[in-house]
Amino acid sequence: MTAAVTVTGQVRIDRRALFPPIRLQLAPGLWTVLLGPSGVGKSTLLRLIAGLPIGGVFAGRVENRQPIALMAQDPGLLPWLTVRQNAALGARLRGERADAARLAAILQRTGLSDHAGKLPAALSGGQRQRVALARTLMEDRPVVLLDEPFAALDARTRMAMQDLAAGVLAGRSVLMVTHDPAEAARLADRIYLLTEEGLTEHAVPATSPPRQHADPGAFACQTALLARLIEGAPR
Amino acid sequence: MKARAALAPLAIGVAGIVLWQALVVATGLPPFLLPGPRAVAEALLTHHEVLARAALRTSTEIVAGFILGAGAGSLLALLMAASPRVATALRPALLVSQMIPIFALAPILTLWLGYGMAPKIVVSALICFFPVASAFFDGLERTSTAHLDLARTMGANGWREMWHLRIPMALPMLGSGLKLAAVYAPVGAVIGEWVGGSEGLGAVMIHANGRMWIDLSFAALALVTVIALAFHAAVGWGVRRWLARFG
């Protein structure tokens, strides 16, 4: 099985290495979760794959021949566009016409049909992330990069959004960056832990994602991840 | 609520006039040096034909100067935002253009452009240009990373990124620049009229000062103030209505 995306190398900011040289691979069609404390360079890795500017120097290679879609913690909605128009932003930015039938189907799947004509200001935080998810789906890219997309949501909304995202993004190669061990344990097919010491793979529960919050395997995985994060903390 | 909000500034205005009258009485200065509010009101009535014609002229210059200056300023901001090279090259020139005292430039402009409306409009435009260019450019440079990341991953070209993201996001800053320019535009027009020509409220003031008709000079000054306030309010209203469309 060849990887969907491979990143090998190292990032330096002000000549200081963020982490030792790493090799991160995204399994095709699966959820890879990159877990780590804040400031360790998780988002930097994601930005490298997305081909976005990073605040440092990268020495290494990004192997990826497939187009990507990006969803971040800031939903990045345009306040003057309706939910429907925001979901179809990609087409607007490329000067194309959005496929109306597909747009309607995606709004339906993300539970936004009743809100299609509303402006973002009239939505809750969870609904705004639904719009961002719908916009990501409209892009219809084989590789999807999620940069802590649910970090700002309350626990109940976050869980619902995790389940929704797991369902609608099934079959795509997903990289999710998070600092939440519970989120990693619920959603991952592969878990990588990134700390100042480097990148290590961590065992995932036997059940398939999205796992129930009370799933014993997921719970044990979450506890183990948390222990490793605490161990890895610089003293 | 709105009417009540206007009450306090109005009260201050009335207090100002009362204070002025008190000053006239207390100092006992002759009316040709310090005319009271009543004398100025009489001058307004007596010379209303001259003043009305001058006010129309000055207003035209203000509006034309504002449109010209704001238009050129917006255009330059767009150019600078579109190309970092242009921005680096022009930023010092932009700053220097603002450091040249406009009073020094106005006579030269009159020399070049004659005694008609043109030099007044240009002075007013020059003074409007900088606040608009500077504020709009800052706004265009401050598009959030989240939005720029999206535009890039979605494959937007520079022009569409500008039109659909950066310009709409910069509109509040452009609005601030326009409101500031609306304050300066009348100053520019009056400076232009002072320096040369025989029409407009600035020329009326110079003419009246030369003859010690301070009451007429004050009347012209009062009209300039009213025009400036009205123009600022109109631009503010337009900006608010326009921004409402962009949440």
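Strand β6 of chain A, residues 68-72, is mostly covered, with 5 of its 5 residues buried. Helices (H or I, at least four residues) and strands (E, at least two) are DSSP runs numbered from the N terminus. A residue is called buried if 20 or more other C-beta atoms lie within 10 Å of its own, exposed if 12 or fewer do, and partly exposed in between, with C-beta atoms placed from the backbone. The model is predicted, so local features need pLDDT of at least 70 and side-chain atom pairs count only at pLDDT 80 or more, whereas totals for chains, interfaces and linings use all residues. Residues are numbered from 1 along each chain as its sequence is written, and chains are lettered from A and ligands numbered from 1 in the order in which they are written.

In a regular strand the side chains alternate between the two faces of the sheet. In β6(A) both faces are covered: A:Ile68, A:Leu70 and A:Ala72 are buried on one side, and A:Ala69 and A:Met71 are buried on the other. This strand pairs in the parallel sense with β7(A), residues 143-147, over 5 bridges; two strands count as paired if DSSP finds at least two bridges between them. Within this pairing, A:Ala69 stands opposite A:Val144 of β7(A).

A:Glu148 is not a glycine, yet its phi is positive, about 45°. The residue is buried, because 20 other C-beta atoms lie within 10 Å.

The contact between the chains also involves β6(A). It takes 19 residues from chain A and 17 residues from chain B, where two residues are in contact if their C-beta atoms, placed from the backbone, lie within 7 Å. On the side of chain A that touches chain B, the elements giving two or more residues are β6(A) and α3(A), residues 89-94. Of these, α3(A) gives the most, with 5 residues. That side of chain A divides into 12 nonpolar, 3 polar and 4 charged residues; Ala, Val, Leu, Ile, Met, Phe, Trp, Tyr, Cys and Pro count as nonpolar, Asp, Glu, Lys and Arg as charged, and the others, Gly among them, as polar.

Two further backbone features lie in loops. The peptide bond from A:Pro209 to A:Pro210 is cis, with omega near -5°, and A:Pro210 lies between β10(A), residues 198-202, and α8(A), residues 216-232. In chain B, B:Met212 has a positive phi near 60° although it is not a glycine. B:Met212 is located between α10(B), residues 201-210, and α11(B), residues 214-244, and it counts as exposed because it has 12 C-beta neighbours inside 10 Å.
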